Every structure is written in structure tokens, then in C-alpha cells.
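Good morning, and thank you for coming. Please look at the sequence and the model on the screen while I go through a few selected places.

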Amino acid sequence: MSRNKSVRDYIRTIVDFPHEGIMFRDVTTLFADPRGFRMAIDQMLHPYAGERIDKVVGLEARGFILGGAIAHQLSVGFVPIRKKGKLPGTTISQDYKLEYGEAIVEIHDDAIMPGEKILVVDDLLATGGTAAAGIKLIERLGGEIVSCSFIIDLPELGGRKVLEGMGMDVHVLCEFEGL
């Protein structure tokens with residue numbers, strides 16, 4: 001593998017998955033390569049050097065992989081935001097719209113204390129629906145979001161604009177055109 005590879009170079013595109021016309025950006029190839037995975041984690045951390053971050057929140061499911069690694073590097077706690085019915089304790093929930101319907105995400109009601117500084121992470125920013133729902137949950141618990149960090153942005157789907165419209169700082173490592 002070339003030393004000059006970027007994070008983007010480690011991401012595989014799968015045509016027509018999960019539906020015809022979709023160009024699926026597969027980060028499992030990035031995660032499987034030790035150099036690529038370390039590069040992604042380091043680049044996701046870099047903008048926050050010197051910033052106070054109390055917890056990292058990962059969005060289901062690939063955000064758990066990234067969030068765990070980033071929380072470990074920062075020596076802070078990790079909090080998952082999961083699909084409805086997946087967390088065992090008392091939760092709060094937030095519904096959001098999908099292109100094909102609605103979904104609900106949840107967080108434990110004691111996962112974040114008021115005033116804690118939070119970094120939100122996931123692999124992909126598309127329409128921003130899941131991230132926006134997660135942000136609302138964090139804010140309902142009193143968390144203060146430092147930033148939202150993603151490996152991939154699909155700018156044509158407008159997710160970054162949605163999050164920035166909510167007053168969020170957004171950091172991405174690379175962009176891909178198309179769906």
C-alpha cells in the first residue's frame with residue numbers, strides 16, 4: 001500500500017447496493033486496514049486537539065466503531081445512540097424522517113450530564129436525519145455539542161447544511177458525489 005494514500009482511497013464503492021442507483025460507500029475496507037483506520041481516527045481527532053471533550057457519542061452502527069476508538073484516544077467515555085428498543089435501561093427517544101418512512105433513535109436518560117462537552121461521530125453524513133435526531137437527544141439531556149465529525153459527506157443530500165442550520169460545527173474527512 002502506498003504511503004501517499006488518503007482516507008478516501010481506502011473506501012470501497014459498491015454499485016447498486018442496497019438498491020439500484022445507489023453508490024454505497026463501504027468503510028469496512030477502511031476499518032480493516034490498520035494504516036487506513038489509524039489515519040481516519042487521527043484525522044477525526046486532529047481538529048479537537050486542546051478542546052475539552054467529556055464524552056464521544058457514536059451513532060448506530062458504524063459510529064460505534066469510530067466513537068469507541070476516538071473516546072479511547074481522548075480517555076473519555078463513549079455513549080451509543082441506538083435504534084429504538086436496543087438499549088436495556090431507561091431511555092429517551094427521538095423520531096426522524098427517512099426517505100422511505102420514519103425511524104426512532106434512543107439514548108439512556110442518564111448517559112450525559114448537563115454541561116458535558118460532546119463530540120458526535122459517525123461514518124457517513126447523507127441527509128443528516130440520524131445525526132439531527134441524535135443532536136436533539138443530546139441537547140435534551142443538557143449536553144453541549146462541540147462538533148460533529150464524519151468520515152464521508154455526500155453533499156448532494158444536504159446533511160451538512162441541515163446540521164449547520166442547527167448551529168453545529170461539522171468536520172468531514174472526504175466527500176463523494178452522487179447518492
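**A walk through the model**

I begin with Asp-26, which is located in strand β2, covering residues 23-26. Please keep in mind that this is a predicted model. Is Asp-26 buried or exposed? Its relative accessible area is 6%, and because buried means under 20%, Asp-26 counts as buried. The side chain of Asp-26 forms a polar contact with the side chain of Thr-28, at 2.7 Å. If we set aside the neighbours within four places in sequence, Asp-26 is in contact with Ile-11, Arg-12 and Ile-14.

Let me move to strand β7, where we find Ile-118. Ile-118 is buried, with a relative accessible area of 0%. Which residues does Ile-118 touch, not counting those up to four places away in sequence? The list includes Lys-55, Val-57, Ile-112 and Ile-138, and also the run of Gly-143, Glu-144, Ile-145, Val-146 and Ser-147. By contrast, the C-alpha atoms of Ile-118 and Val-105 are separated by 17 Å, although these residues are 13 apart along the chain.

Helix α4 has 12 residues, 129-140, and at 1.5 Å a residue it should span 16 Å. The C-alpha atoms at its ends are 17 Å apart, which agrees with that expectation. Just after α4, Gly-142 takes a positive phi of about 95°.

I turn now to the largest pocket, which has a volume of about 1,200 Å³. Of the 35 residues that line this pocket, Arg-62, Leu-98, Tyr-100, Leu-124 and Ala-126 are the closest to its centre. Which elements each supply at least two residues of the lining? They are β2, β4 (77-83), β5 (91-98), β6 (101-108), β7 (117-125) and α4. The largest share, four residues, comes from β7. By type, the lining divides into 22 nonpolar, five polar and eight charged residues.

My last stop is Gly-165, in helix α5, which covers residues 159-165. Here the relative accessibility is 68%, and because exposed means over 50%, Gly-165 counts as exposed. The C-alpha atoms of Gly-165 and Thr-13 are separated by 29 Å, and the two residues are 152 apart along the chain.

Thank you for your attention.

Note on methods. Residues numbered from 1 in each chain as written. Predicted model: local features only at pLDDT ≥ 70, side-chain atom pairs only at ≥ 80, totals over all residues. Heavy atoms only, no water. Buried < 20%, exposed > 50% of the residue type's maximum accessible area, 1.4 Å probe, protein only. Polar contact = N/O pair within 3.5 Å; in protein donor to acceptor, adjacent residues only side chain to side chain. Contact = heavy atoms within 4.5 Å. Expected span 1.5 Å × (residues − 1). 1 Å grid on protein atoms, 1.4 Å probe; cavity = no way out; pocket = protein on both sides within 12 Å on 5 of 7 lines; lining within 4 Å. Points joined across faces, edges and corners; volume = space filled by probe spheres on them. Nonpolar A, V, L, I, M, F, W, Y, C, P; charged D, E, K, R; others polar.
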